[in-house]
Amino acid sequence: MSTASEETTTNHSDLPPVADGIFAVSAEDPNRFELVGGHCQRCDDYSFPRSMHCCHCRAETDEHSLGSDGNIYSLAVVRIKPPLGLPRPYAVAYIDLEAVPLRVFCLLDPVQCEDAVIGAGVRLSVGPLGVNNAGQDCLRPFFKLIAENEDN
Amino acid sequence: MVKIIGASVTSFGPRPDQSITSMAIEAGLSAMRDANADYADVGAGFFSNALGAKLFGDMTIGQNVFAELGLNRIPVVNTENACTSGSTAFYLAQLCIAAGQSDLALVIGSEKMCVPQMGLIDSGANELETLLGMVTPAGFAMRAQRHMHEYGTTPEQMAAVTVKSRQHAALNPLAQFRKPETLSMVLDSPMIADPLTRSQCCPIADGAAALLLASDDYAAGLDRTVRLDAAVLSSGSYENGADIGRWETDSRTAALAYEQAGIGPEELDLVECHDAFTIAEIVHYEGLGLCGPGEGGALVESGATSLGGRIPVNVSGGLLSRGHPVAATGIAQIAELVLQLRQEAGSRQVENCRTGLAHCMGGDRKGDTKSCTVVVLSR
């Protein structure tokens, strides 16, 4: 079980992601991660996780970067015995992404549970956090609060 | 026109000596006795169970139940639709009667949850939201946080839902939690997912419920019948940018039901709604049109939704206090309306009630529900 999480693009690369194709190292900044979802070129509609077909026109979607940053739309700190080896407490949120018009569900950094509030700016990170359905340690995406003095 | 001529609910709560099947049979026998109906006239069976496959490896339980009731050879349908499993079985049964396929259809829902292997309810082990930590209390806690942020809804208003619920359940001998709780007791109970404390989350339970539906012709001449005015089953919108401070699926489904019934929310005398969490009841008030957007907290605080108030909600005790054996819940809600509309609800009777609404929803997907049912009954 992982109770702490650290941003990394190099460490823990031997661990499997909790699901395939949902995040990637940023092409623009190798020190950042970005969410990966779907995009329908015809409808200009985004999805996360990627819907293979657009729900409006049923065309096949393209894999598309959804960026790294966003703002917390709503959040919950979960204090009961957690599932999947997640730490106690842990926090989840809906995040409004900055790069694309999409609201996604994701984990927040569990060490920042008590500091996160609606409207706060967050940036994607990836690290060992809990286990997968097979009980193996795995990498999960989670959003960290952006410090006020943190530049872009 | 479809009528309900028999209704039954077992006690809800831990029932360690009972199985899904034994509770289902108990409820089915009782509903048939309630209607004093002939088993030979039952032309179809609809059975709901949501968790038997996951918890016990059981499947197609309905045929086992109906066979034990001597109802073999007839069409039997098993439904799983999360918390609306029972009301979905009811929805299919009324379609069967309305289509003229049978004069009588028996609906039974049964669930057994109070076992060690029962964990947190999620929306499917392999869904990404589940893998990223979505558990049902978290989904409703995020809804509560947003409602508080946008409308100023308070923890005390949410806790008032539980206080009311326990007061109602004290009058229901079949309910799971019948002891009164004060606002401070509710707020001081252990935090589950901020701001929802344990007393604001419905308990797991074992239990079953059953309804016997009849065609108009069959029911002619029977007394104690209740008329079905509307039955709607819908699924979520799953639109990008889910607006969790309001619940479009609630209002959309309710609007269809009001249209079918030819009434508006102001004509309702009582409501049973899906109060899995306190914030859920507040949001459902708004979605069902019992008050305006953002006014749900004030509505419960005013006493309007208490027994004796303008529009009593969940006089059975609701999910929060009657208990929530998932696949029995949607049927138990309708059974409560039947009892009330017959004026047979004893000390929790809503005076002079003629029209009631039952609302149920189940499953999570993209900030919306997977399934929503609204039923309107009258007498």
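Mentor: Start with helix 11 of chain B. In it, B:Thr278, B:Ile279, B:Ala280, B:Glu281, B:Ile282, B:Val283, B:His284, B:Tyr285, B:Glu286 and B:Gly287 are buried. Keep in mind that this is a predicted model.

Trainee: How should I read burial in helix 11 of chain B?

Mentor: Count neighbours. A residue is buried if 20 or more other C-beta atoms lie within 10 Å of its own. Here 10 of the 10 residues of helix 11 of chain B pass, so the helix is largely enclosed by the rest of the structure.

Trainee: Which elements do the buried residues of helix 11 of chain B pack against?

Mentor: They pack against helix 6, helix 7, strand 6, helix 10, helix 12 and strand 10 of chain B. Look just past the helix too. B:Gly289 takes a positive phi of about 80° there.

Trainee: Now the strands. In what order do they lie in the open sheet of chain B?

Mentor: The order in chain B is 3-2-4-7-1-8-11-10-9, nine strands with mixed pairing. Strand 3 (76–79) and strand 9 (270–272) of chain B are the edges, and each pairs on one side only. Neighbouring strands are turned by 25° against each other on average, direction ignored.

Trainee: In which sense do strand 9 and strand 10 of chain B pair?

Mentor: Parallel, over three bridges. Find B:Leu270; its bridge partner in strand 10 of chain B is B:Gly356.

Trainee: And how many bridges join strand 10 to strand 11 of chain B?

Mentor: There are 10 bridges, and these two strands run antiparallel. B:Met361 stands opposite B:Cys372 in strand 11. Two residues lie between the strands of this hairpin, where B:Lys366 takes a positive phi near 50°. Strand 8 of chain B also runs antiparallel to strand 11, with seven bridges. There, B:Leu228 stands opposite B:Leu377. As for burial, 11 of the 11 residues of strand 11 of chain B are buried, so the strand is largely enclosed by the rest of the structure.

Trainee: Which helix lies across strand 1 and strand 2 of chain B, among others?

Mentor: Helix 4 of chain B, residues 85–98. It runs at about 160° to strand 2 of chain B.

Trainee: What does the secondary structure of chain A come to?

Mentor: Zero helices and nine strands. Buried residues make up 42% of the 152 residues in chain A. Now check sequence separation. Among contacts in chain A between residues at least 6 apart in sequence, 53% join residues at least 24 apart.

Trainee: How many residues of chain A are in contact with chain B?

Mentor: There are 27, and they touch 27 residues of chain B. Strand 5 of chain A gives the largest share of its side, five residues. That side of chain A divides into 21 nonpolar, two polar and four charged residues.

Note on methods: Residues are numbered from 1 along each chain as its sequence is written. Chains are lettered from A and ligands numbered from 1 in the order in which they are written. This is a predicted model: local features need pLDDT of at least 70, side-chain atom pairs count only at pLDDT 80 or more; totals for chains, interfaces and linings use all residues. Two strands pair if DSSP finds at least two bridges between them. Helices (H or I, at least four residues) and strands (E, at least two) are DSSP runs, numbered from the N terminus. Axes are lines fitted to C-alpha atoms, for helices over the stretch in contact, and angles run from 0 to 180 degrees between N-to-C directions. Two residues are in contact if their C-beta atoms, placed from the backbone, lie within 7 Å. A residue is buried if 20 or more other C-beta atoms lie within 10 Å of its own, exposed if 12 or fewer, and partly exposed in between; C-beta atoms are placed from the backbone. Ala, Val, Leu, Ile, Met, Phe, Trp, Tyr, Cys and Pro count as nonpolar, Asp, Glu, Lys and Arg as charged, and the others, Gly among them, as polar.
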